[in-house]
Amino acid sequence: MYDRVLLVATGSGICVFLSFLLQPCKAEVCVLWVTKGVEQNFGKEIKEMMSGHSKEKVIVHDTAVLGRPNVSEMSVNAANNFGAQVVIVTSNPQRSRDVVNACKANGIAAFGPIWDS
C-alpha cells in the first residue's frame, strides 16, 4: 500500500520489525528505534545488525547514552526527513497513541497496535 514507510519501535517492540531488515521488502523502509542499552539488553548480534545499515535507514536512539527523547517529535521529524507516506509504531499504549496522534496532526498517516484487551 505504501512505498516509503517509517517503522517506530521502543524497547522490545523492535522484534516486530526485524524481519523488514532481514529480508528484501518492496517498500523503502526506515526504522527508528528508541531503547536502552542495545547490546546489554538485546545482544551483540542485534546491535551489529542495526549498525550495519545506513544512518538514514536505521536510527537507533540509545537512552542509556543519549537520554529520553520526545518519541512523538522524533517520529514526525524522521518521517518528514525520510519522506515517509506512513508511520507504523509499536510501543506501550500511551506512547503508541502519542506517536500516532502527533503524526496525524502533521498530516502523516500513522498506525499502531489496538489495545482492546
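Predicted model: local features only at pLDDT ≥ 70, side-chain atom pairs only at ≥ 80, totals over all residues.
**Reading the salt bridges**

Q: What is a salt bridge, and how many does the count come to?

A: The term means a side-chain nitrogen of Lys or Arg within 4 Å of a carboxyl oxygen of Asp or Glu. By this rule there are 3 salt bridges.

Q: Where in the chain do Lys-57 and Glu-28 lie?

A: Helices (H or I, at least four residues) and strands (E, at least two) are DSSP runs, numbered from the N terminus. Lys-57 sits in the loop between α3 (44–51) and β3 (58–62), while Glu-28 belongs to strand β2 (residues 28–35). The pair links distant parts of the chain, 29 residues apart.

Q: Is Lys-57 buried, exposed or partly exposed?

A: Buried means under 20% relative accessible area, exposed over 50%, and partly exposed in between (1.4 Å probe, protein chains only). Lys-57 is partly exposed because its relative accessibility is 28%; Glu-28, at 35%, is partly exposed too.

Q: Which residue does Glu-39 pair with?

A: Glu-39 forms a salt bridge with Lys-47, at 3.6 Å between the closest N and O atoms.

Q: What separates Glu-48 and Lys-44 in helix α3?

A: About one helical turn, because they are 4 residues apart in that helix. Their side chains meet in a salt bridge at 3.9 Å, N to O.

Conventions:
Residues numbered from 1 in each chain as written. Heavy atoms only, no water.
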